[in-house]
Amino acid sequence: MEQMVTRVRALLHGGDYNPDQWLRYPEILERDAELMKEAGCNAMSIGIFAWATLEPEEGKYNFEWLDQVIDRLYAHGIYTVLATPSAARPAWLAEKYPEVLRVNSDNRRILFSERHNHCYSSPIYREKVRAINTALAERYAHHPAVILWHISNEYGGACYCDLCKENFRKWLKEKYGTLDELNHAWWSYFWSKNYTSWDQINPPMDNGEHSLHGLIIDWKRFVTDMTVDFMKEEIEPLKKVNPDLPVTTNMMGFYEGLNYFKFKDLCDVISWDNYPDWHKGDDAELAIDTAMTHDLMRSIKPGRPFLMMESCPSAVNWKDYAKVKRPGMHELSSLQAVARGSDSVQYFQWRKGRGGFEKFHGAVVGHIGSDETREFKQVAALGERMKGLSRLTGSPFLSKAAIICDTENRWALADMRGLIKDDKGYLKEIRKHYASLFREGVNVDLIDEESDFSSYDLLIVPMLYMLRAGVAEKLKAFTANGGRLVMTYWSGIVNETDLCYLGGFPGEGLDQLCGLQQEEIDTYYPEDQNSAAIANTDETAGFEARYAITDYQEVIHPTTAKVLASYESDYVEGMPAFTVNSYGKGKVYYIAASFEQDFYTALYQNLIRDLGLKSLDVSLPEGVYMSERLLSDNTICYILQNYNTEDKIITFPREMTCLESGEKFTSLALSAYGTAFLI
């Protein structure tokens, strides 16, 4: 059952370390190792933006300083997560080979600046990255201190140069074969956009085409594929030297620029960077959003631990408001990652730089260089606590419930013209389902359309506007085999090139699966509201008599589905708003409108009970959340967190044991901002 992220049999604690910025301060480098040990750190990410120091001139490497840093940390019991430096190229490279710099969507090549401004298509850039990665691998891939490769940094962005345009056309030729097929897939007949030559096709640039949604979605797919291909080339020389040393790259949660699920086969472990806006409103509500992002990242490789590669021990300098974490929030928010399946708590950054964009970004060690600051003491206290949680290392986060949160569907919804113009509400709808399960302490995966559905008992499919090939068959098989499927309005509308299904919605036979046909969808103005009355049935036991509706309402016509709720007003008065349909051994619930949160709470309380999704039947106070991780001896560890500013009492149905202290109890007073690990 144990699935180790690295060979270190402990939760990783540390962060981004930039010794290349401090080579003129040897006394600081010496002190850093001592402070890291004092803070309970055991792993540091090194070299992420160090290319200019590693290769100050073309082909002339300077690794001696890196040797000293890695060896010094290792002597203090601290491992290295070694980065490839491709995220920020040196000035000599941009000066000699300007093709490595991106061209923006306004068709202008950028100057040497900032980071992440390189072209993934550039043969020169790929050649230079391969060269330095090969040199790093030959020197460090078998070093006992190096436990993980950190590939580049926060991949993202697109290039519109001639190289990328030509690669895009080649990508399209491979996908469609002929222009006739492409024109049909994109419905280029609209506004006389038919292409008669591949050379006529350009990306959706600022002064170019934006009305062909198939073009826009394919461009985004191409950008993902080019980034994946670039990362693959980064990894090859590393794995050639030591195929057993794992690789990762730090992702960015719900970032829209890339389909992260396409990286799952390249990454041995998933990592991501976590920067919530704590203390902005209700922390208990923000904790739901943050947990949902942890779950999305973890679900790229379901069941396996992930790494929180970056977080902030204090204030995030690039936010609109650089708010400092209040006492207790650092430990609580850090352990939330562990609660959702992380095997690490890592920070950006270890020490604040003296200059540059992030000189005021939170860090373990500030400009004062002291271990007496509140931030340092909080990190050290967490580091000490994490030593007592080593049994969690490698323990999986197993879920019997999943929500489809598909990136390509997000792209399609964002580009379509209809519904609410600026934000179709896709993530808002997903959150309603997620929050109801999360508040009940049920583990949840957030998967995409290409994922395997078969291991789940409950599958939730909100607003699956773009139904890709083969997914309908998977949904039917899941339900026929006994699964419970929850689908919502505006699902099964278009195929993967954004062409509407003909013959009725939801398409591809989902109308038979749901036992209904959708006729139309109505969009509310912000001031509009309707409600639905709940029928008195076994399926709706525990529901309230009625629930409010906002944003959207569909007109649906049941064929074999049973009506569970009906609209109470407007032209849809008396029409179905919520149905259930039996299909094979399973059932499909169809939600035809955007209901208030309490509706989802009632629905999932019933499904949780019917499917036995909770292994510990405990009533959680508001703002107290629970997760489960499975230890190596198949013991479930229940992790409870209190996001309230006052203590909360939790009563358990059986005697519980504290994983850390061994104390036994049946009732627990969980302190404000407190976390408990129980078995």
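In this briefing, helices and strands are runs assigned by DSSP and numbered from the N terminus, a strand having at least two residues, and it is in this sense that Asp551 is found in strand E16, which covers residues 546-558. The model described here is predicted.

- Asp551, which lies in strand E16, has a phi near 75°, a positive value in a residue that is not glycine.
- The relative accessible area of Asp551 is 17%, and because buried means under 20%, Asp551 is counted as buried.
- Thr560 is located in the loop between E16 and E17, and with a relative accessibility of 58% Thr560 counts as exposed.
- When neighbours within four places in sequence are set aside, the residues in contact with Thr560 are Gly515 and Asn581.
- Gly503 and Thr560 are 57 residues apart along the chain, and their C-alpha atoms are separated by 18 Å.

**Strand E18 and its two partners**

- Strand E18, made up of residues 576-583, is mostly covered, since 6 of its 8 residues are buried.
- On one hand, E18 pairs with strand E17 (residues 562-567) in the antiparallel sense, over 4 bridges, and within this part of the structure Val580 in E18 is the bridge partner of Lys562.
- On the other hand, E18 is joined by 6 bridges to strand E19 (residues 586-591), and these two strands also run antiparallel; here Thr579 stands opposite Tyr590, which belongs to E19.
- The hairpin formed by E18 and E19 has 2 residues between the strands, and in this hairpin Gly584 takes a positive phi near 60°.

- A disulfide is a covalent bond between the sulfur atoms of two cysteines.
- How many disulfides does the structure hold? The number is 0.
- For Cys41, the closest cysteine sulfur is that of Cys312, and because the two sulfurs are 14 Å apart, they are too far from each other for a bond.
- Cys405 is likewise in no disulfide, as the nearest cysteine sulfur, which belongs to Cys267, is 18 Å away.
- Are Cys41 and Cys405 buried or exposed? Cys41 is buried, with a relative accessible area of 5%, and Cys405 is buried as well, with a relative accessible area of 2%.

**The largest pocket**

- Rolling a probe the size of a water molecule over the atoms shows where empty space is left.
- The largest pocket in the structure has a volume of about 820 Å³.
- Its lining is made up of 27 residues, and those closest to the centre of the pocket are Gln21, Phe49, Arg115, Phe357 and Glu358.
- Helix H2, which spans residues 51-54, provides the largest share of this lining, with 3 residues.

**Thr6, in the segment before strand E1**

- Thr6 is placed in the segment that precedes strand E1 (12-17), and at a relative accessibility of 8% Thr6 counts as buried.
- A polar atom in the side chain of Thr6 lies 3.2 Å from the backbone nitrogen of Val8.
- Apart from its neighbours within four places in sequence, Thr6 is in contact with Leu12, Ile147 and Leu148.

**Cis peptide bonds and a positive phi in loops**

- The peptide bond that leads from Phe348 to Gln349 is cis, with omega near 20°, and Gln349 is placed in the loop between strand E9 (344-347) and helix H11 (374-387).
- Phe505 and Pro506 are also joined by a cis peptide bond, for which omega is about -10°, and Pro506 lies in the loop between strand E13 (484-488) and helix H15 (510-514).
- His279, which lies in the loop between strand E7 (271-273) and helix H9 (283-298), has a positive phi, near 70°, although His279 is a residue other than glycine.

Technical notes:
Residues numbered from 1 in each chain as written. Predicted model: local features only at pLDDT ≥ 70, side-chain atom pairs only at ≥ 80, totals over all residues. Heavy atoms only, no water. Buried < 20%, exposed > 50% of the residue type's maximum accessible area, 1.4 Å probe, protein only. Pairing = 2+ DSSP bridges. Disulfide = S-S within 2.5 Å. Polar contact = N/O pair within 3.5 Å; in protein donor to acceptor, adjacent residues only side chain to side chain. Contact = heavy atoms within 4.5 Å. 1 Å grid on protein atoms, 1.4 Å probe; cavity = no way out; pocket = protein on both sides within 12 Å on 5 of 7 lines; lining within 4 Å. Points joined across faces, edges and corners; volume = space filled by probe spheres on them.
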